[in-house]
Amino acid sequence: MLKASLECQFCSTLNLVDLSRHDHGPKCGECGKPFLLDRPVQVTEGNFDKLIEETSVPVIVDFYADWCGPCRVMAPVLDQIAQDRVGSLLVAKINTDQSPELCQRFGIRSIPYFARFEQGKKVDELVGTVDADALKQFAA
């Protein structure tokens, strides 16, 4: 099973979601609201480790801030990657203003900062505004 441990954005319940069944519209086991896997999922410091450790597909994490112009420029590219790779890759977003401990842990000094995780470990990183092809290659 291709799986991800995701927190429901509506009720905050952690769910083990079968990514291979994304076209069946997975729903939260507690409140029944849908998980929209064809777009980046919001992650917090509180659920980051569980997501990274319990997700069986690669995870691309976008460390961003709402005020960051380059981050806003990269957002549509990430949206497209999430849509194109739904079920085989998970795209997550972490707001750096709300997650200072994660930023310190990964030594993030500049955003946008993209990290690729596989089997619970960071395997690659990309910093700054890059062209769409470079980010898609990073996610491949």
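**Figure 1. Phe-117 in the predicted model.** Phe-117 has a relative accessibility of 4% and therefore counts as buried, the limit being under 20%. The model is a prediction. Phe-106 is also buried, at 16% relative accessibility. The ring centres of Phe-106 and Phe-117 are 5.7 Å apart and the ring planes stand at 75°, so this pair is edge-to-face. Phe-117 belongs to strand β6, whereas Phe-106 is in the loop between α3 and β6; the pair links distant parts of the chain, eleven residues apart.

**Figure 2. Phe-48 and Phe-106, one of the aromatic pairs.** Six aromatic pairs turn up in a search of the whole structure. In one of them, Phe-48 and Phe-106 have ring centres 5.8 Å apart and planes at 70°, so the arrangement is edge-to-face. Phe-48 is part of helix α1 (residues 45–54), and Phe-106 is in the loop that runs between α3 (100–105) and β6 (113–118), so the contact ties together parts 58 residues apart in sequence. The relative accessible area of Phe-48 is 1%, which makes this residue buried.

**Figure 3. The aromatic cluster.** One aromatic cluster is formed by Phe-48, Phe-63, Phe-106, Tyr-113 and Phe-117. Its members include Phe-106 and Phe-117, which form an edge-to-face pair, and Phe-48, which is edge-to-face with Phe-106.

**Figure 4. Lysine side chains over aromatic rings.** Lys-33 places its charged end over the ring of Phe-10, at 5.3 Å from the ring centre.

**Figure 5. Cysteine sulfurs of Cys-8 and Cys-11.** The structure has zero disulfides. For Cys-8, the closest cysteine sulfur is that of Cys-31, 3.6 Å away; a disulfide needs the two sulfurs within 2.5 Å, so this distance is too far for a bond. For Cys-11, the closest cysteine sulfur is in Cys-28, at 3.6 Å, and here too the separation is too far for a bond. Cys-8 is buried, with 2% relative accessibility, whereas Cys-11 is partly exposed, with a relative accessible area of 28%.

Key: Residues numbered from 1 in each chain as written. Predicted model: local features only at pLDDT ≥ 70, side-chain atom pairs only at ≥ 80, totals over all residues. Heavy atoms only, no water. Phe/Tyr/Trp six-rings, centres within 6.5 Å; stacked < 30°, edge-to-face > 60°. Helix = DSSP H or I, 4+ residues; strand = E, 2+ residues; numbered from the N terminus. Buried < 20%, exposed > 50% of the residue type's maximum accessible area, 1.4 Å probe, protein only. Lys NZ or Arg CZ within 6 Å of the ring centre and 35° of its normal.
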